[in-house]
Amino acid sequence: MLTTIDAREKADALARGAITARLAACAQISGPVTSVYRWQGEVVTEREWQVLLKTTAVRFDALAAHLRAAHDYDTPEIIATPVSHGDPAYLAWVHDETQPE
């Protein structure tokens with residue numbers, strides 16, 4: 001799952017919160033990145049940090065809800081891409097780390 005946010009500290013908080021809640025097994029923060037998009041009728045350019053969260057399809061809804069609640073954007077980017085292949089041991093680790101306690 002991918003999201004973006006406007007400050008490194010906020011990216012750290014989103015990542016740590018998702019891991020602590022066992023909604024994601026791992027989070028990677030990249031940035032800054034430059035985002036260009038149309039918002040409220042204007043084209044804007046902003047500096048953001050990307051947070052890539054490794055989770056399972058079963059945990060998507062819970063992680064998305066967590067991100068919406070923790071995010072300060074009106075409409076946060078919350079997108080997921082399916083994994084078509086992966087090392088079985090790594091995928092098992094992601095599964096195990098995202099199980100509720």
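**Close-up views of a predicted model**

**View 1. Secondary structure along the chain.** The chain of this predicted model contains three helices and three strands, where helices (H or I, at least four residues) and strands (E, at least two) are DSSP runs numbered from the N terminus. Followed along the sequence, these elements occur in the pattern β-α-β-β-α-α. Residues are numbered from 1 along each chain as its sequence is written. Because the model is predicted, local features need pLDDT of at least 70 and side-chain atom pairs count only at pLDDT 80 or more, whereas totals for chains, interfaces and linings use all residues; side-chain values use heavy atoms, with hydrogens and water left out.

**View 2. The largest nonpolar core.** This core, a set of buried Ala, Val, Leu, Ile, Met, Phe, Trp, Tyr and Cys residues joined through side-chain atoms within 4.5 Å, has 15 residues, and Leu53, Leu63 and Leu67 have the most contacts inside it. Helix 1 (8-20), strand 3 (42-54) and helix 2 (60-70) each supply at least two of its residues, the largest share, four residues, coming from helix 1. Buried here means under 20% relative accessible area, exposed over 50% and partly exposed in between (1.4 Å probe, protein chains only); of the 101 residues of the chain, 30% count as buried.

**View 3. Surroundings of Leu63.** When neighbours within four places in sequence are left aside, Leu63 is in contact (heavy atoms within 4.5 Å) with Met1, Ala18, Leu23, Ala24, Leu53 and Thr55. In the chain, 67% of the contacts with a separation of 6 or more are between residues 24 or more positions apart.
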